[in-house]
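The sequence and structure are shown first.

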Amino acid sequence: MTATVVTGVGVVAPNGLGLQRYWDAVLHRRTGIGPIERFDASAFPSRLAGEVTDFVAKDHLPSRLLPQTDPMTRYALAAADWAIRDAAADDSAFPLSVGVVTAGSCGGFNFGQRELQNLWGKGPDYVSAYMSFAWFYAVNSGQIAIRHDLRGPVGVMVAEQAGGLDAIAHARRKVTAGATMMVTGAVDSSLCPYGIAAQVSSGRLSRGDDPTTAYLPFDLRACGHVPGAGGAIVTLENVVRARRRDVRVYGEIAGYGASFDPPPDSGRGSNLCRAIEAALADAGLDASEVAVVFADAAAVPELDAAEAAALEAVFGPHAVPVTAPKTLTGRLCSGAGPLDVVTAMVALHEGVIPATANVSEVVPDFAIDLVLAEPRPTTGHAALVLARGFGGFNSAMIVRRA
């Protein structure tokens with residue numbers, strides 16, 4: 001099978017717009033987590049988030065799109081624009097075999113909440129006609145397809161945090177099947193009162209008020225995660241076509257695996273191992289060839305324990321460096337996996353593993369080599385990215401240096 005590679009990248013993250021600003025923030029451990037500013041969160045038990053604060057929609061998108069889009073769709077449209085431009089792709093001449101697959105965990109919650117408030121507070125005449133699609137899980141795929149006239153394969157994956165990796169994997173299948181190029185990844189946000197209330201109900205949100213200690217995966221002080229907004233959109237194409245076009249190749253999507261956990265009350269453990277092993281097999285790699293793992297990093301003690309146990313089972317105790325740059329952004333729902341994929345590719349290219357910010361007291365029973373305090377050099381050629389979605393979804397992806 002001919003390799004599928006990433007040729008364009010667009011990043012919207014709480015600690016930086018664009019790949020270069022984001023990567024610089026990761027290396028220097030600049031956080032995007034802080035008190036929620038988008039709305040008054042004083043009545044909520046969780047009041048921190050990784051908000052995107054430096055994105056001015058009218059600077060990136062035509063005014064006609066603003067009334068019909070949720071903030072997360074605006075981020076996704078901008079990221080797709082950047083990725084397509086970065087790939088040196090002429091969208092005015094795209095063939096019918098260029099498509100888009102994204103992921104979404106909730107759709108446009110901000111937009112939906114506002115219009116439902118209008119419905120119940122003012123009446124149906126005050127509800128925007130754009131409500132018919134702006135709230136929907138598939139809206140980012142649809143809007144990207146319309147903006148760039150993408151008439152090839154189109155889809156959306158819904159698996160909470162795992163969905164972003166699932167979207168990239170599905171887009172890879174389409175490239176393998178003959179698609180000229182696929183625009184894929186995920187950008188997510190549900191930072192509104194309704195969205196935060198839904199996440200609080202999961203019992204997994206941190207209630208800490210200090211951005212440096214509220215989100216501490218694998219730490220003795222772990223008490224839940226901080227939510228965030230953002231993610232990454234990338235372009236995928238066949239490596240032969242990419243080389244022929246003489247464009248930059250960030251890395252290869254080399255392997256993918258997925259599994260589903262049994263119900264919590266079943267007495268059976270996580271199936272994360274199966275997803276990792278499937279991804280390694282798909283990539284044709286031995287576990288010893290993986291240079292770094294970008295962890296899901298739930299910061300919920302029992303979930304951290306399950307992830308640490310899976311890594312020990314596959315790689316051996318303390319056998320592979322593990323990192324979680326998302327401690328600087330919060331968990332971005334479906335946007336987290338694609339952003340980690342991009343981070344992993346840059347890390348392999350630059351030969352440096354980012355540190356896991358703020359974590360300092362790793363649970364002694366966790367036999368993992370968590371990269372702490374400072375970035376660590378690497379000469380490896382492959383990375384494993386993990387993402388687990390609420391409800392039992394497990395996804396694993398192997399990326400390889402170009």
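## A charge over a ring

In this predicted model, the charged end of arginine 114 is placed over the ring of phenylalanine 111, at 4.5 Å from the ring centre.

## Aromatic pairs

Eight aromatic pairs are found when the whole structure is searched. In one of them, the ring centres of phenylalanine 136 and tyrosine 137 are 6.4 Å apart; the pair is edge-to-face because the planes meet at 70°, and the cut-off for that class is over 60 degrees. Phenylalanine 136 has a relative accessible area of 39% and is therefore partly exposed. Tyrosine 137 is likewise partly exposed, with a relative accessible area of 32%. Together with Trp135, Phe136 and Tyr137 make up one aromatic cluster.

The rings of phenylalanine 260 and phenylalanine 393 also form an edge-to-face pair, since their planes lie at 80°, with 5.2 Å between the centres. This pair connects distant parts of the chain: phenylalanine 260 belongs to strand 9 (residues 251-260) and phenylalanine 393 to strand 16 (residues 393-401), 133 residues apart. Phenylalanine 260 is partly exposed, at a relative accessible area of 46%. Phenylalanine 393 also counts as partly exposed, with a relative accessibility of 28%.

In soluble globular proteins, nonpolar side chains tend to be buried together. Here the largest nonpolar core holds 47 residues, of which Val11, Ile253, Val341, Met397 and Val399 touch the most other members. The element that gives the most to this core is helix 11 (residues 336-350), with nine residues. A second, separate core has 39 residues, among them Ala214, Ala283, Leu285 and Ala297.

Which residues does valine 11 contact, leaving aside its neighbours within four places in sequence? Its partners are Gly16, Leu17, Gly18, Leu19, Tyr22, Trp82, Gly231, Ala232, Leu339 and Val342.

Buried positions in helix 10 are Leu303, Asp304, Glu307, Ala308, Ala310, Leu311, Val314 and Phe315. These residues lie on the same side of helix 10, because they cover an arc of only 160° around the axis. Glu302 and Ala313, on the other side of helix 10, are exposed. The cover over the buried residues of helix 10 includes helix 9 (272-283), strand 10 (292-294), strand 11 (321-323) and strand 15 (382-389). After helix 10 comes glycine 316, with a positive phi near 100°.

## Helix 7

In helix 7 (residues 193-200), the buried residues are Gly195, Ile196 and Gln199. Viewed down the axis of helix 7, its buried residues fall within an arc of 95° and therefore line one face of the helix. Helix 3 (109-121) is included in what covers them.

## Positive phi outside glycine

Aspartate 246 is not a glycine, yet its phi is positive, at about 60°. This residue is found in the loop between helix 8 (239-245) and strand 9. With a relative accessible area of 70%, aspartate 246 is exposed, the threshold for that class being over 50%.

Alanine 299 likewise has a positive phi, near 65°, in a residue other than glycine. Its place is in the loop between strand 10 and helix 10. Is alanine 299 buried or exposed? Its relative accessible area is 0%, so alanine 299 is buried, the limit for that class being under 20%.

## The loop around valine 362

The loop between strand 12 (352-353) and strand 13 (369-370) contains valine 362. Valine 362 is partly exposed, as its relative accessible area is 23%.

Leaving aside neighbours within four places in sequence, valine 362 is in contact with Phe218, Asp219, Leu220, Leu370 and Leu372. Between the C-alpha atoms of valine 362 and leucine 372 the separation is 9.5 Å, and the two residues are 10 residues apart along the chain.

Key:
Residues are numbered from 1 along each chain as its sequence is written. Side-chain values use heavy atoms; hydrogens and water are left out. A nonpolar core is a set of buried Ala, Val, Leu, Ile, Met, Phe, Trp, Tyr and Cys residues joined through side-chain atoms within 4.5 Å. Buried means under 20% relative accessible area, exposed over 50%, partly exposed in between (1.4 Å probe, protein chains only). Helices (H or I, at least four residues) and strands (E, at least two) are DSSP runs, numbered from the N terminus. Contact means heavy atoms within 4.5 Å. Rings of Phe, Tyr and Trp (its six-membered ring) pair if their centres lie within 6.5 Å; planes under 30 degrees apart count as stacked, over 60 as edge-to-face and the rest as tilted. A charge sits over a ring if NZ of Lys or CZ of Arg is within 6 Å of the ring centre and within 35 degrees of the ring normal. The arc is that of the directions from the helix axis to the C-beta atoms.
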